[in-house]
Amino acid sequence: MPVFLNTRDSDFETQFTTLLGAKREDSPDVDAVVAGIIADVRARGDAAVLELTEKFDRLTLTPETLAFSAEEIDAAVAQVPEAEAEALSLAARRIRAYHERQMPHDESWTDATGARLGWRWGPVDAAGLYVPGGLASYPSSVLMNAIPAQVAGVKRLAICAPTPDGVANPLVLLAARLAGVDTIYRIGGAQAVAAMAYGTETIAPVDKITGPGNAFVAAAKRRVFGKVGIDMIAGPSEILVIADGDNDPDWIAVDLLSQAEHDESAQSILITDDAEFGAAVARAVDARLETLERRAIAGPSWRDYGAVITVADLDEAAALSDRIAPEHLELCVADPVALSEKITHAGAIFLGQWTPEAIGDYIGGPNHVLPTARSARFSSGLSVMDFLKRTTLAQMTPEALRAIGPAAETLAKSESLEAHGLSVRARLDRLNR
Ligand code: NAD
């Protein structure tokens, strides 16, 4: 059973705090396993990656077969039915159009002293794109990772996508081709993240690792941060739906299940100002779970992490939503725009009952790689910016140095950093000669 909370209950705060801490994604047991895997890959390179792939994905590879060959990609791409290929191309076009608008501009100006100041943006050299593939396969995640990287101008892109039992989804390979990525390693989990961060005999290290994954992938990205950049923590999926009583309970039920079916560790929460509607949605979830193809995953997720919270009004719902800082937030209320303006922390907001979150997973245009485990408090969904770095620029003229150099010298003295002061003074002395 999911938990049923009501903000009027005297123990609401205790129960809500337990709910906030329930997700397994940043738990010490997962982190300990991941630390061991990363150490093993650093120490033994390819040999460790191959053994771990055999253990977790039941797939025997050699260094030569770690990546798909061009012939394998050609053969897979040829098998994709036309309707799926067309849907994927439409998704690619919409995702590209959305992300092209994110490209930031360089800035440069001359201030009152004559100093020229500014910054310029440039791409990272190499990015490793994680595309999950343990319990489901995600051609959509190939597009969501690769298109912003390409819009940013990253020169070298490599994908890691696990292929359990060696069964590759041809659509994943087609998506990679559509996005122009031809290095695709059939490995996953913490071992793939470690290989991309530290490199092995076969896998060249990258500068930045992006992409979603399960708890092991999320923990591995946390651990390699610093050696490489990461986009954010994009672990097991979450959905929070805020709905008033004027909705079809079955629509909301399938919206909740659309994230629960990703992973037993996924979390789906409904907040409503109508307790009877909340109960109706819970009944509709149970009814759907009787036949849902992925009930073996969605059922435990809903039972262990699901919640229905009844609030007094939508203001209370907005305040609780900010404390949850959900990855996906659906607002199925009469005035979703007004409610969205009261919300600060959410990875992606879906406005109104005609915008099911699944549109955002595939075709809307915005990125579906989004912060989980409450990290939307401080991070954002994957974007072109994740593949760019900003370099600042400053150019003094003699006049500008004469105007602001003495203050730098003063500050250097106050920090007891003599050489700093001298490097300014040497130039000022020349100007004063
Ligand atoms: P995955 O590729 O993330 O994980 C599969 C890998 O996990 C395996 O290759 C294996 O190496 C590793 N693994 C599994 N069990 C392990 C164990 N006991 N010990 C060590 N390693 C282990 O694929 P998945 O499992 O299907 O998960 C995909 C995840 O991505 C889901 O949780 C889904 O919710 C999430 N997701 C998140 C977003 C987002 O933006 N936040 C988007 C899409 C998907």
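This is a predicted model: local features need pLDDT of at least 70, side-chain atom pairs count only at pLDDT 80 or more; totals for chains, interfaces and linings use all residues.
## Domain layout

The domain assignment divides the protein into three parts: domain 1 spans 3–22 + 235–378, domain 2 spans 45–76 + 123–230, and domain 3 spans 396–432. Taken over C-alpha atoms, the centres of domain 2 and domain 3 are separated by 50 Å.

Strand 10 covers residues 267–272, and since 6 of its 6 residues are buried, the strand is largely enclosed by the rest of the structure. Gln267, Ile269 and Ile271 point one way from the strand, while Ser268, Leu270 and Thr272 point the other way, and all are buried.

Strand 10 pairs in the parallel sense with strand 9 (residues 238–243), over 6 bridges, and within this pairing Leu240 has Ile269 as its bridge partner in strand 10.

His262 is found in the loop between helix 10 and strand 10. With a relative accessible area of 19%, His262 falls under the 20% limit and therefore counts as buried.

The side chain of His262 makes a polar contact of 2.6 Å with the side chain of Tyr138. When neighbours within four places in sequence are left aside, His262 is in contact with Leu135, Tyr138, Ser237, Arg294 and Ile297.

## Aromatic pairs

The count of aromatic pairs comes to 3. One of them is formed by Trp109 and Trp119, which are edge-to-face, at 5.9 Å centre to centre and with 80° between the planes. This pair links distant parts of the chain, with Trp109 in strand 2 (residues 107–110) and Trp119 in strand 3 (residues 116–123), 10 residues apart. Trp109 is partly exposed, at 36% relative accessibility, and Trp119 is likewise partly exposed, with a relative accessible area of 29%.

In another pair, the rings of Trp251 and Trp354 have centres 5.2 Å apart and planes at 70°, so that this pair is edge-to-face. Trp251 lies in helix 10 and Trp354 in the loop between strand 13 (348–351) and helix 15 (357–362), so the pair links distant parts of the chain, 103 residues apart. Trp251 counts as partly exposed at 36% relative accessibility, whereas Trp354, at 68%, counts as exposed.

Terms used
Residues are numbered from 1 along each chain as its sequence is written. Side-chain values use heavy atoms; hydrogens and water are left out. Domain bounds come from an automatic or database domain assignment. Buried means under 20% relative accessible area, exposed over 50%, partly exposed in between (1.4 Å probe, protein chains only). Helices (H or I, at least four residues) and strands (E, at least two) are DSSP runs, numbered from the N terminus. Two strands pair if DSSP finds at least two bridges between them. A polar contact is a pair of N or O atoms within 3.5 Å; within protein, one must be able to donate a hydrogen and the other to accept it, and residues adjacent in sequence count only if both atoms are side-chain atoms. Contact means heavy atoms within 4.5 Å. Rings of Phe, Tyr and Trp (its six-membered ring) pair if their centres lie within 6.5 Å; planes under 30 degrees apart count as stacked, over 60 as edge-to-face and the rest as tilted.
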